[in-house]
Amino acid sequence: MAGNMTKDITAKCAEIRSLVEERRYREAYEILEDLDVDRVKSIMDLNAFSEVYRKMEDYEKAMDMLVRVYDKAPTKRVIYKLVCLAVKSGNFEEAEEYYQEYVEVDPDSVERYILRYRIDKANGAGYQARIDSLEKLKTIEYIEEWAYELAKLYHKAGMKINCVRECSDIILWFGNGTIVEKAKLLKDYYEKGAHVLEKVGVDEEKLAAAKRETDPHDLVMDTKELSSQVIEIAEQEHMEAVKKELVQDLQPTQNIQEAIREDLSRMDVSDWTKPDLKAIYDESLSGLFEKEDSKEEEEPELTKEDLDSISELKKYFPDQMQDLAGERRFLELSKHIKEKQEFQIHYAVISEEDGAIDFCKNLARYLHANGVISTQKVAKITAEKLNRMDLEAKQEQLKDCTLVIEGAGGLYIPTVKTLMNMMDYFEKDIVVIFLDKEEPIQILLEENFLLRHYVGEQIKLQ
């Protein structure tokens, strides 16, 4: 009988995980309500349960599940989620406690500024406290959504010059997208006047005409003209939505608790579940570098200098240095980095899955600590956006940072040439990390063979 009950629980847990993967949270919740969760011990399942409860806005139960995960595996990611859930449920004292623990675990993490901002906003802290957090975040990593949040804060605090400057930076760095469009409108709001918002909207007559022409009962239609009308209407509707979002963003906050609930509901943390489940599955992996067949007895004995280097490396790459093989691989990387400070200081990071950005950030911190780059600032951009950017005109703004290029295999040859000129020009004032899957990276290096002169190491993550 007990065996059948165990099988039933196992089957329900598997079904819940499957539904969470498909984002069918309501169905997962209904199954979860009939499940004796106290009998479930798997970290993977408890993470899934927490996600279901969070999506159903049952934050107390979501916290309960996550605390059980924390008791088994108090990782940085779990603590981060506990802070967010505590904020959502209004438990600010708990949020502060978990926040302090998060900072102790990783005092150099950029996420600490995001967490500080969330707590302060939910607690009704003044504009300046929140501005300080986002300004500190910007000095280390420039993230689109938080850059726009900073621009909004400048607006609400009456800091017009700062607001316009921040909008200009957003437009420059991120090129296009809804946030960039809102930044353009906000900048125009100050530079051209409030009437710019009134000009954005849908032409109702054109919309009605387009709908009439798309009547399925019509046998004849000018498809070329219709296509252009439909595109124009879609663009107008999109800009109307952007305008409405901007107007809503700029309204004074009347109810801070209502505002935080709305903001957090729009903050989809759906990336919590999938990476976490994958991470739990991969708990047994000792390091992220691909392992090569070798015999331990053939490895040279570690010297005191090696052990000191390993101790330092673990401050930056604790997750990747959990066994001797991981320690030796990072030790080898460290030696290459220290030997090539004046040469080949750029890197290709090969990753077949998401989640390599954190590794790149830690690599940037390590490079800074070892004098390869003068600052810890990290700029992240996709190859697609970089291809559209006038890089020569903007290169001075890239000075003194580590530039992480996502999807680097998509870089155009002229863009790569400009990058190489920039690396020559800035020398040690910039480090470029090319991030992509293995095949695109190899094609990139083959098509741009001179780039190998700049790329000191290819770091392959599993």
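## The chain as a whole

Helices here are DSSP runs of H or I with at least four residues, strands are runs of E with at least two, and both are numbered from the N terminus. What you're looking at is a predicted model, where local features need pLDDT of at least 70, side-chain atom pairs count only at pLDDT 80 or more, and totals for chains, interfaces and linings use all residues. Residues are numbered from 1 along each chain as its sequence is written, and side-chain values use heavy atoms, with hydrogens and water left out.

Of the chain's 462 residues, 47% count as buried. Buried means under 20% relative accessible area, exposed means over 50%, and partly exposed is in between (1.4 Å probe, protein chains only). The accessible surface comes to about 24100 Å², and carbon and sulfur atoms hold 48% of that. Those areas come from the Shrake-Rupley method with a 1.4 Å probe, and for residues only the protein chains shown count as cover. As for contacts (heavy atoms within 4.5 Å), take those in the chain with a separation of 6 or more: 68% of them join residues 24 or more positions apart.

## Helices α5 and α6

Let's start with α5 (residues 76–88) and α6 (residues 92–105), which pack at an angle of about 160° with their axes 8 Å apart. Axes are lines fitted to C-alpha atoms, for helices over the stretch in contact, and angles run from 0 to 180 degrees between N-to-C directions.

On the α5 side, the contact includes Ile 79, Leu 82 and Val 83, while Tyr 98, Tyr 99 and Tyr 102 are among the α6 residues. The contact residues split into 12 nonpolar, no polar and three charged. Ala, Val, Leu, Ile, Met, Phe, Trp, Tyr, Cys and Pro count as nonpolar, Asp, Glu, Lys and Arg as charged, and the others, Gly among them, as polar.

## On to α7

Helix α6 also packs with α7 (residues 111–122), this time at an angle of about 165° with the axes 11 Å apart. That makes α6 and α7 roughly antiparallel as well. In this contact, the α6 residues include Phe 92, Ala 95 and Tyr 99, and the α7 residues include Leu 115, Arg 116 and Ile 119. Eight of the contact residues are nonpolar, none polar and four charged.

## Two buried residues

Val 378 sits in strand β2 (residues 378–382) and, at 5% relative accessibility, is buried. Beyond its neighbours within four places in sequence, Val 378 touches Ile 140, Glu 141, Tyr 142, Ala 364, Thr 402 and Val 404. Its C-alpha atom is 9.5 Å from that of Val 431, 53 residues apart along the chain.

Asn 387 belongs to helix α20 (residues 383–388) and is buried too, at 17% relative accessible area. Setting aside neighbours within four places in sequence, Asn 387 is in contact with Gly 410, Leu 411, Tyr 412 and Thr 415.

## Two loop residues with positive phi

Arg 23 isn't a glycine, yet its phi is positive, at about 65°. You'll find Arg 23 in the loop between α1 (2–21) and α2 (25–33), partly exposed at 49% relative accessible area.

Asp 400, also not a glycine, has a positive phi near 60°. Asp 400 lies in the loop between α21 (391–394) and β3 (401–406), and is partly exposed with a relative accessible area of 27%.

Key
Parallel < 35°, antiparallel > 145°, perpendicular 65-115°, else oblique.
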